[in-house]
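Visitor: I would like to learn how to read a structure like this one, feature by feature. Could we begin with a single side chain and then work outwards?

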Amino acid sequence: MAHQLPAFQPFVDSVISAIQADPNALGLAVGGSWISGDMDAYSDLDLVLVTATPIAPDLRQMRAYAARFGTMLASFRGDHVGEPRLLIALFADPLLHVDVKFVLPNELHERVEDPVILWERDGILTSAFGQSVAQYPPFDFQATEDRFWIWMHYAALKIGRGEFFEAMDFLSFVRNMVLGPMLHLKQGNLPRGVRRVESSLPAADLAALRQTVATPERGSLLTSTQAVIDLYETLRDALAPAGIVRSPAAEKALKNYIAAI
């Protein structure tokens, strides 16, 4: 399948060549920005390798298999994102970030997107995708409301104690888990954190998000924390379902606490 950026095609060709020679390999697909055609020189490759017998979660086997694809400089397993079937690797010539998810045929039915099939035996991937529907995890407004005011209190504690870099990191976490997804939903996009917000949000929304970014100073952090609260409330009121149970007591207590510090 010769499309996308020329820099990626030789690597993809090498992967296909390697797995075609392996009778255990059943198919290869690619997801992420390859699906939408949004790849650029700074993209990575999100590969899904289907085998008849398991390769993951054995890290030694995962590394050995991926090493067939080219010069692998470094790799680690995706335990940090709760995905032991994922190998995150760096390949040379050209320098490429490649994610390889090792799955079995029955595991294709549960997926967050419909990847592009690059190669398959006997229509195995085509059949699996035709019998099931991809579903991206929905944004949980109620769980977010239940957590948000506790999270904001935690940020305020860090600011009050003078742990400014920890407070900055925590506000970044809230942007990725709450504000970014909600801003994407407002535009009709999938709630993918803060991915590509620079190019996908209207100027006003992007400006509001910028206000939540602080420097490691007390005044800046307090201002940004208030901006996080203001933006959250605006988005919640516009997007949350009518049945959401709000936390007015926690909200009031938190705002009073921030005012006091």
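Guide: Start with E163, whose side chain makes a polar contact of 3.1 Å with the side chain of R161. A polar contact is a pair of N or O atoms within 3.5 Å; within protein, one must be able to donate a hydrogen and the other to accept it, and residues adjacent in sequence count only if both atoms are side-chain atoms. This is a predicted model, in which local features need pLDDT of at least 70 and side-chain atom pairs count only at pLDDT 80 or more, while totals for chains, interfaces and linings use all residues. Residues are numbered from 1 along each chain as its sequence is written, and side-chain values use heavy atoms, with hydrogens and water left out.

Visitor: Where does E163 lie, and is E163 buried, partly exposed or exposed?

Guide: Helices (H or I, at least four residues) and strands (E, at least two) are DSSP runs, numbered from the N terminus. E163 sits in the loop between α5 (141-161) and α6 (164-186). For exposure, buried means under 20% relative accessible area, exposed over 50%, and partly exposed in between (1.4 Å probe, protein chains only). E163 has a relative accessible area of 24%, so it is partly exposed.

Visitor: What does the chain look like overall, in helices and strands?

Guide: The protein chain comes to 10 helices and 6 strands. The C-alpha trace spans about 65 × 40 × 35 Å along its principal axes. Of the 261 residues, 42% are buried. Contact means heavy atoms within 4.5 Å. Among contacts with a separation of 6 or more, 58% are between residues 24 or more positions apart.

Visitor: How are the strands of a sheet read, and in which order do they stand here?

Guide: Strands of a sheet pair through backbone hydrogen bonds, either parallel or antiparallel. Two strands are taken as paired if DSSP finds at least two bridges between them. In this model, 6 strands form an open sheet in the order β3-β4-β5-β2-β1-β6, with mixed pairing. β3 (72-78) and β6 (116-120) stand at the edges with a single partner strand each, so one side of each has no neighbour in the sheet. On average, neighbouring strands are turned by 25° against each other, direction ignored.

Visitor: Which helix packs on this sheet?

Guide: Helix α3 (residues 59-66) does, touching β1, β2 (45-51), β3, β4 (83-91) and β5 (96-103). Axes are lines fitted to C-alpha atoms, for helices over the stretch in contact, and angles run from 0 to 180 degrees between N-to-C directions. The direction of α3 makes about 40° with that of β4.

Visitor: How do the pairings around β1 and β2 run, parallel or antiparallel?

Guide: β1 (residues 25-30) runs antiparallel to β6, joined by 4 bridges. β1 and β2 are also antiparallel, with 5 bridges. β2 and β5, by contrast, run parallel and share 6 bridges. For residue pairs, follow A29: it stands opposite V48 in β2, and its bridge partner in β6 is I117. Further along, G27 has E120 as its bridge partner in β6, A25 has T51 in β2, and D46 has D99 in β5. As for burial, 6 of the 6 residues of β1 are buried. In β2, 6 of the 7 residues are buried, so the strand is largely enclosed by the rest of the structure.

Visitor: Which backbone details in the loops deserve a look?

Guide: Look at peptide bonds and at phi. The bond from A56 to P57 is cis, with omega near 5°, and P57 is in the loop between β2 and α3. The bond from D93 to P94 is also cis, with omega near 0°. D93 lies in the loop between β4 and β5 and has a positive phi near 55°, though it is not a glycine. D93 has a relative accessible area of 74%, so it is exposed. R196, in the loop between α6 and α7, has a positive phi of about 55° and is not a glycine either. At 32% relative accessibility, R196 is partly exposed.
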